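Welcome, and thanks for opening the viewer. Let's walk through this structure one selection at a time.

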Amino acid sequence: DTASATIVDGKMYAVDHDGMLRVKMIYRTPGGGIRLKSFNSEEYPDEMYSGDEVKRIIVIGKVFWYSVLI
């Protein structure tokens with residue numbers, strides 16, 4: 001949903017990070033930073049970005065449906 005690009009903690013979003021398109025859960029952090037989290041956190045650990053680094057990350061929109069293998 002490209003109309004929903006405002007970050008709500010713990011929701012999943014499509015992001016453009018310096019040209020790399022990814023789907024991550026996003027959490028806001030103090031000082032204007034964000035934390036990007038993957039479902040597969042063993043292989044892809046959380047990524048922390050400060051206020052200045054956040055400018056390189058564009059939230060494309062909120063993911064409204066997804067499926068995972070159990």
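## Starting in the sheet

Select Met-12 and look across to β2, where Met-25 is its bridge partner. A word before moving on: this is a predicted model, in which local features need pLDDT of at least 70 and side-chain atom pairs count only at pLDDT 80 or more, while totals for chains, interfaces and linings use all residues. Residues are numbered from 1 along each chain as its sequence is written, and side-chain values use heavy atoms, with hydrogens and water left out.

Now select residues 11-17 and 20-29, which are strands β1 and β2; they pair in the antiparallel sense over seven bridges. Strands here are DSSP runs of E with at least two residues, numbered from the N terminus, and two strands pair if DSSP finds at least two bridges between them. Two residues separate β1 and β2 in a hairpin, and in that turn Asp-18 has a positive phi of about 55°.

Click on Tyr-13 to find Lys-62 of β5 standing opposite.

## A patch on the surface

Which residues form a nonpolar patch on the surface? Select Leu-21, Ile-58 and Ile-60, which together have about 290 Å² of accessible area. Such patches take residues with over 30% relative accessible area and no salt bridge, joining nonpolar side chains (Val, Leu, Ile, Met, Phe, Trp, Tyr) within 5 Å and like charges within 9 Å. A salt bridge means a side-chain nitrogen of Lys or Arg within 4 Å of a carboxyl oxygen of Asp or Glu. Areas come from the Shrake-Rupley method with a 1.4 Å probe, and for residues only the protein chains shown count as cover.

## A charge over a ring

Move to Tyr-27, in strand β2. The charged end of Arg-35 sits over the Tyr-27 ring, 4.3 Å from its centre. That label needs NZ of Lys or CZ of Arg within 6 Å of the ring centre and within 35 degrees of the ring normal. With a relative accessible area of 22%, Tyr-27 is partly exposed.

Notes: Helix = DSSP H or I, 4+ residues; strand = E, 2+ residues; numbered from the N terminus. Buried < 20%, exposed > 50% of the residue type's maximum accessible area, 1.4 Å probe, protein only.
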